[in-house]
Amino acid sequence: MELDLRSVRGFAIHAFPGDNLKVEKRPAKGSPAAPSETREPFLPGAVVIATLCNPREKFWGMILALASEGLSLSGAELASFEDLAVMVRDGEPFTPAVVFFPMHRIERVELDLPDGSLPSLSQRFLAKTGLEPSAALAPFGREKAGSDLQNIQSNASKERS
């Protein structure tokens, strides 16, 4: 247990374990570091919900690129999520929108994760369509996603028979 004692005009400041009184130095980009230190959640392929401003809207999609200029996603507006899931489930043609949002429009980006007992949008999409969101949202892998969906639908019809 390390205690940091400092005196300020006769008063002693005691640091307790867990206090954030020290800033740890992080390795510079490109320098070798332990894998646990370099884990970044917002890498290409991550499924996220982006909240945008001017105009205010939300977008569900897979990150294609994240840079200081902005965010590139492949997905759909959150307002049409349910319609999208039904469309994919019914085997209708679907092409995800590939969009770029400049950084000044991005208010917030969050990983599509479950919240307690509430499933994530990705889990809901998988449950409704039988298709992994990453396969459906891949902008250049639509043929594979379509064939996966056809296989799922043919297996489901065989099971009903």
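Two strands pair if DSSP finds at least two bridges between them. With that rule noted, I opened the model.

**Ground rules.** This is a predicted model, where local features need pLDDT of at least 70, side-chain atom pairs count only at pLDDT 80 or more, and totals for chains, interfaces and linings use all residues. Residues are numbered from 1 along each chain as its sequence is written, and side-chain values use heavy atoms, with hydrogens and water left out.

**Overview.** I found four helices and seven strands in the protein (DSSP runs numbered from the N terminus: H or I of at least four residues for helices, E of at least two for strands). From the N terminus, I read the order as β-β-β-β-β-α-β-β-α-α-α.

**Strand β5.** I looked up which strands pair with β5 (residues 70-77). On one side of my list is β4, antiparallel to β5 over eight bridges. The two form a hairpin with two residues between them, and G61 stands opposite G75 in β5. Next I noted β6 (residues 97-102), which pairs with β5 in the antiparallel sense over six bridges; there, F101 is the bridge partner of L71. I also checked the cover: seven of the eight residues in β5 are buried (under 20% relative accessible area; exposed is over 50%, partly exposed in between, with a 1.4 Å probe and protein chains only). Across the protein, buried residues make up 28% of the 161 residues.

**P55.** I then turned to P55, in the loop between β3 (47-52) and β4 (57-67). Its relative accessible area is 55%, so P55 counts as exposed. P55 and R105 are 50 residues apart in sequence, and their C-alpha atoms are 8.3 Å apart in space.
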